[in-house]
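Have a look at the structure before reading on.

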Amino acid sequence: MIPDSDQLTARQYWGKRMAEEELLREEKFPFVIVQTAIAQNIVKKHLGLNEITKILDAGAGTGRYSLPLAREGYPVTHLDISEEMIKIARKSAEKDNIRNIDFVEGTVADLSRFQDRDFGMTLSFDAPVSYSYPNHHKAIKELCRVTKNLLLLMLSNRNGLVPFMIDHELSEGYLPTKIDDSLETFYAARSLIKNGVEIWPKNIQAFLDKEGKSIPFDYAFRVDEITNLVTREGFEILEMGGPCALARNIQPENLAKITKDRHLFDQFIDLSMDFDFDRHNIGLGAVNLLVVAKRKKP
């Protein structure tokens with residue numbers, strides 16, 4: 001049975017501590033630097049191919065994508081569930097004198113304040129749709145509804161998360177776990193494959209709750225699942241890839257060298273754009289899916 005996500009609300013989790021952590025993600029994780037660069041390249045590419053006058057960044061956090069777009073002159077609506085993250089983004093906008101950005105507190109699963117096809121381009125990056133579980137399918141429908149032309153999504157990838165979760169279980173010493181008088185290993189990984197979310201045994205969940213390590217459920221999509229959902233809403237897939245599929249197969253110390261050298265980094269991003277968006281490599285270590293879809297003409 002999939003547990004109720006109300007055990008820990010997203011608003012509670014994405015509070016002040018996580019807002020401050022968000023500002024340090026790129027310093028702590030070279031993967032984030034690579035993923036951000038890939039996502040920005042994809043956005044730039046499709047902005048160049050289409051006339052876009054109004055952008056929604058849904059689940060925009062502290063403004064990793066919304067602020068650069070607004071700085072370039074695009075009218076941007078920055079929507080996030082976290083008041084704390086919006087405060088940080090607003091302060092950054094004020095500091096840089098960015099005026100063509102509106103800040104809205106809300107969830108990606110409820111965009112009722114916006115009209116149908118209100119935005120030429122809609123972004124939802126770094127998996128806010130996945131964290132809207134159990135309303136993740138509703139979130140997809142809402143994002144499609146408010147999008148006139150281009151929809152760009154970054155979602156948790158079931159294929160990529162399974163090996164990541166196995167590493168996590170082993171490093172945390174969470175297994176083996178006694179269940180029904182038998183020892184079952186890789187419990188959360190099996191749950192991901194079956195349910196799309198990592199459901200822990202009661203004893204481990206109790207430990208996580210006690211230690212303050214519980215996080216909101218993060219639904220991991222299958223490739224065919226997100227393809228069907230988006231197509232059903234009148235969109236066609238233009239591109240799909242696993243950002244950081246290449247990066248996650250590079251030794252961490254070498255990836256750190258790459259991110260600190262501008263020439264190496266630019267060359268590596270070029271390689272990643274080819275490697276990560278090869279359909280055969282989508283599940284190769286990439287914990288996220290990046291989907292670019294366009295509304296079909298009537």
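## The chain as a whole

Of the 298 residues in the protein chain, 51% are buried. This is a predicted model, and its protein chain has 13 helices and 10 strands.

How do the contacts reach along the chain? Among contacts in the protein chain with a separation of 6 or more, 76% are between residues 24 or more positions apart.

## Aromatic rings in pairs

Now for the rings. A pair of aromatic rings is described by two things: the distance of the centres and the angle of the planes. How many aromatic pairs does the structure hold? There are five of them.

One of these pairs is Y65 with F125. Their ring centres are 5.0 Å apart and their planes stand at 85°, which is over the 60 degrees needed, so this pair is edge-to-face. The two partners come from distant parts of the chain, 60 residues apart. Y65 belongs to the loop between β1 (55-58) and α5 (66-71), while F125 belongs to the loop between β4 (119-124) and α7 (136-145). Are Y65 and F125 buried or exposed? Both are buried.

Next come Y219 and F221. Their rings have centres 5.0 Å apart and planes at 85°, so this pair is edge-to-face. Y219 has a relative accessible area of 7%, under the 20% cut-off, so Y219 is buried. F221 has 0% relative accessibility, so F221 counts as buried. Y219 and F221 also belong to a cluster, in which ring pairs link them with Y133 and F217.

## Charges over rings

Rings can have charged neighbours too. Which ring does the charged end of K54 sit over? That ring belongs to F119, and the charged end of K54 is 5.1 Å from its centre. In another part of the model, the charged end of R248 sits over the ring of F31, at 4.2 Å from the ring centre.

Finally, find helix α4 (residues 30-49) and helix α13 (residues 262-276). Their axes come within 10 Å and cross at roughly 70°. That angle falls in the range from 65 to 115 degrees, so α4 is roughly perpendicular to α13. The crossing of these two helices, α4 and α13, is right-handed.

Which residues meet where α4 and α13 come together? From α4 there are I33, V34, A37, I38, N41 and I42. They meet F265, F268, I269, S272, M273 and D276 in α13.

Technical notes:
Residues numbered from 1 in each chain as written. Predicted model: local features only at pLDDT ≥ 70, side-chain atom pairs only at ≥ 80, totals over all residues. Heavy atoms only, no water. Phe/Tyr/Trp six-rings, centres within 6.5 Å; stacked < 30°, edge-to-face > 60°. Helix = DSSP H or I, 4+ residues; strand = E, 2+ residues; numbered from the N terminus. Buried < 20%, exposed > 50% of the residue type's maximum accessible area, 1.4 Å probe, protein only. Lys NZ or Arg CZ within 6 Å of the ring centre and 35° of its normal. Axes fitted to C-alpha atoms, helices over the stretch in contact; angles between N-to-C directions. Parallel < 35°, antiparallel > 145°, perpendicular 65-115°, else oblique. Left-handed = near helix turned anticlockwise from the far one by under 90°. Contact = heavy atoms within 4.5 Å.
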